[in-house]
There are 2 protein chains.
Amino acid sequence: MAQRITGVLSPVVTPFKADLSPDTERFVRQCKWLVANQVGLAVFGTNSEANSLAVDERMQLLDQLVEAGVDPARMMPGTGCCALTDSVRLTAHAVKLGCAGALMLPPFYYKGVSDEGLFRNFAEIVERVGDARLQIYLYHIPQVSQVPIGLKLIERLLKAYPKNIAGTKDSSGDWNNTKATLDAFAGEGFDVFPGSETFLLAGLRNGAKGCISATANVNPAAIHKLYAEWTSDSAERQQAGLDRIRNLFQKFPMIPAMKRAIAHWSGHVAWATVRPPLVELDAKQAAALIADLEQAGFSMPGLKG
Amino acid sequence: MAQRITGVLSPVVTPFKADLSPDTERFVRQCKWLVANQVGLAVFGTNSEANSLAVDERMQLLDQLVEAGVDPARMMPGTGCCALTDSVRLTAHAVKLGCAGALMLPPFYYKGVSDEGLFRNFAEIVERVGDARLQIYLYHIPQVSQVPIGLKLIERLLKAYPKNIAGTKDSSGDWNNTKATLDAFAGEGFDVFPGSETFLLAGLRNGAKGCISATANVNPAAIHKLYAEWTSDSAERQQAGLDRIRNLFQKFPMIPAMKRAIAHWSGHVAWATVRPPLVELDAKQAAALIADLEQAGFSMPGLKG
C-alpha cells in the first residue's frame with residue numbers, strides 16, 4: 001500500500017462560468033495554486049458544491065485535473081452520493097485515476113436510517129469497486145447531511161474492511177466527537193482529519209493526520225505552516241491567527257464568501273458565481289468582507305493572473 | 001394546454017433484482033396494475049427510493065414504461081435532484097416523453113438555504129427545459145428533504161411561471177399547512193395534492209385535486225373509490241377504512257413494509273429487496289405485518305402472477 005495522504009487538504013471551490021457550467025481552466029489553476037501552497041485537494045466536498053454537480057460533471061473535472069498534470073496522489077475527491085450506483089461509479093473512477101483517497105458522504109436523502117443500512121451502503125461500495133487501492137475516508141457532517149456516521153459504524157466498517165476504510169473527516173464542529181474518534185481509532189491505521197483548522201493544533205496533539213478545511217481554499221499557506229510547525233513555540237499564536245481569518249469568513253455564508261475573496265484576489269470576477277440553491281454575496285456583503293480581510297492584512301499571494 | 005392530471009397517484013415502489021439493479025419487468029407490471037386500479041404513477045418519489053437511483057437508471061425506467069405501453073399522461077415522475085443539471089436533464093426527458101407533470105424536490109443537500117436560492121433553482125429548470133408542456137408540482141416534504149417549500153416561494157414561482165408551476169404535493173403531514181396552501185392557491189390553476197390519503201376527504205372538501213400517497217401502492221382501489229365517491233354518504237366510513245389499513249403499514253418502516261406486502265400478494269419474494277441505506281423487514285416484522293393485514297381482510301386482488 002502506498003503511503004497515505006496527510007496534511008492540510010482543501011475542499012476546493014468549483015468555479016462556474018456565467019452559464020453555470022464548470023470552468024475547467026480556472027479549476028486547474030486553483031488546484032495548482034493550492035498544491036503549490038502544500039495543500040491537498042479534497043475536490044467535490046461540501047464547499048465544492050459537489051452535490052450541485054452531476055456525477056458526469058465531477059468525473060470530467062477529475063479527468064481534466066489529471067490531464068492537466070495535477071498529481072492524483074494529492075487528491076481525495078468526494079465520491080459519496082445518495083445512489084449506490086453513483087457512489088460506485090464515481091469511486092471506481094477516482095481509484096482508476098490513482099487518487100489517494102475517496103471522501104465519502106453517507107447516502108443523505110433518507111433520515112433516521114439504521115447503522116445496518118449505512119454499513120450495507122459502504123460495504124457494497126467496497127465490494128463493487130473491488131480494488132485494493134481504495135482508501136475510504138468517512139465523511140461525518142451531520143449538520144448538513146443530517147445522517148451521522150457514529151463510532152459504532154466506524155468500528156464495524158474498520159473491522160470488516162481494514163484495508164479500505166482509511167479514516168474520517170469530522171466536520172461536526174464538535175471537538176468532543178473528534179476527540180472521541182481520535183481516542184478510539186487513531187493509531188489503528190485509521191486517520192482522523194478535523195473538518196476545520198480551528199481544531200488543527202488540538203487535533204495534531206491528539207493524533208490527527210492534518211485537517212480538511214473550507215478555509216484552506218483561501219488561507220492555504222498559513223494553515224500548512226501550522227501543520228508543519230505544530231510542535232514549535234509559535235503554534236498557539238499561529239492557531240489564533242488562523243482562527244481570526246476564519247472568523248472573518250464565517251460572518252458570511254462560507255462558500256459565497258470564499259468565492260468572493262478568490263474573485264477579488266485572482267482578478268476573475270466570475271469566481272463569485274455559485275449554483276442554486278446557493279446565492280452569491282450581495283455588493284454590500286462583498287465590500288464588507290474584503291474590507292475586513294484587508295484590514296486584517298489578509299491576501300492571497302500568487303493567485304493573480 | 002392538456003387537461004391536468006387529477007385523482008389518486010402512487011409514488012410507485014421500485015423493484016430490484018438480487019444484484020440491486022431495477023427489475024423492469026416487475027416495474028412495468030406493477031405500474032399497469034396501478035393504472036388498472038385508476039391510480040396515476042408518481043414514479044421516482046420518496047417511496048420509490050428515487051434518490052437511491054442514478055439519473056440514468058431513472059431515465060431508462062421511464063423509457064421502458066412508455067415503450068411497454070403505459071400512458072405517460074398518467075405519469076408524474078419525480079425529477080428534482082440536488083444538481084441543477086440533473087434536474088434539467090431528467091425533467092426535459094419526462095416532458096419529451098409526454099408525462100403529465102414533474103414532481104420536483106428542492107435541491108436537498110444544503111440546509112437553511114434562502115427562498116431566493118430555491119427560486120433560482122426552479123426558475124433555471126423552467127427556463128432551461130423551455131417547454132410549454134412542462135407542468136411542475138412542487139414537492140414539500142420537510143421532514144425528509146429538510147428543505148421546506150413555503151407559501152411565499154410558491155407565490156413567487158406561480159407569479160413568474162403561471163403556465164409551468166402547476167401545483168404541489170404536500171407531504172408535511174401537517175394539515176394546517178395543506179389547508180393554508182389550499183386556501184391561498186386552490187382555484188388559481190394551482191393543484192394541491194396532500195401527500196397521504198389520510199387527508200384525502202378533508203383535502204377534497206377544501207379544493208384538493210386528489211392525493212399522492214405511499215399507500216396507493218398497496219391499497220389503490222379503495223383509495224380511488226373514496227376519491228370517486230367523496231360526496232357520498234359513505235365517505236367518512238371509507239376514510240376510516242383507509243386510515244385503518246394505512247396504520248397497519250405505518251407500524252413498520254413504510255417502504256420495506258409496502259414492498260413486503262407486494263412480495264406476499266404478488267408471489268415474487270424479490271419484491272422485498274430495498275437498496276441501502278434502507279433495510280428490508282426482518283422475518284418477525286414481515287410475519288406480523290402480513291398477519292395484521294390478513295386479519296383486517298386486506299388483500300391485493302389482481303397482483304398475483
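Let's start with helix α3 of chain B, residues 84–96. This helix has 13 residues and reaches 18 Å from its first C-alpha to its last, close to the 18 Å expected at 1.5 Å a residue. Please keep in mind that everything I show today comes from a predicted model.

So, how much of α3(B) is buried? Of its 13 residues, 10 are buried, so the helix is largely enclosed by the rest of the structure. If you want to find them on screen, the helix opens with a buried run: Leu84(B), Thr85(B), Asp86(B), Ser87(B), Val88(B), Arg89(B), Leu90(B) and Thr91(B) are among the buried residues. Further along, Ala94(B) and Val95(B) are buried too.

What do those buried residues pack against? Within chain B, their partners are α2 (55–67), β3 (102–104) and α4 (115–129). They also pack against α2 (55–67) of the other chain, chain A. After the helix comes Gly98(B), with a positive phi near 90 degrees.

How are they related? A rotation of 180 degrees, with 0.0 Å of shift along its axis, superposes chain A on chain B, and the RMSD is 0.0 Å. That is the relation of a two-fold axis. Both copies use the same surface, since 100% of the contact residues of chain A recur in chain B.

Now for the contact itself. Chain A contributes 32 residues, and chain B contributes 32 residues. On the side of chain A that touches chain B, α3 (84–97) and α4 (115–129) of chain A each supply at least two residues. Which element gives the most to that side? It is α4(A), with 6 residues. Sorted by class, this side of chain A has 18 nonpolar, 7 polar and 7 charged residues.

Ser21(A) sits between β1 (7–10) and α1 (24–36) of chain A. Is Ser21(A) buried or exposed? Ser21(A) has 11, so Ser21(A) is exposed.

Finally, a word on confidence. Chain A has a mean pLDDT of 97, and 99% of its residues reach 70 or more. For the model, ipTM is 0.97 and pTM is 0.98.

Key. Residues numbered from 1 in each chain as written. Chains lettered and ligands numbered in written order. Predicted model: local features only at pLDDT ≥ 70, side-chain atom pairs only at ≥ 80, totals over all residues. Least-squares fit on C-alpha atoms with pLDDT ≥ 70 in both. Contact = placed C-beta atoms within 7 Å. Helix = DSSP H or I, 4+ residues; strand = E, 2+ residues; numbered from the N terminus. Nonpolar A, V, L, I, M, F, W, Y, C, P; charged D, E, K, R; others polar. Buried ≥ 20, exposed ≤ 12 C-beta atoms within 10 Å, placed from the backbone. Expected span 1.5 Å × (residues − 1). pLDDT = per-residue confidence, 0-100.
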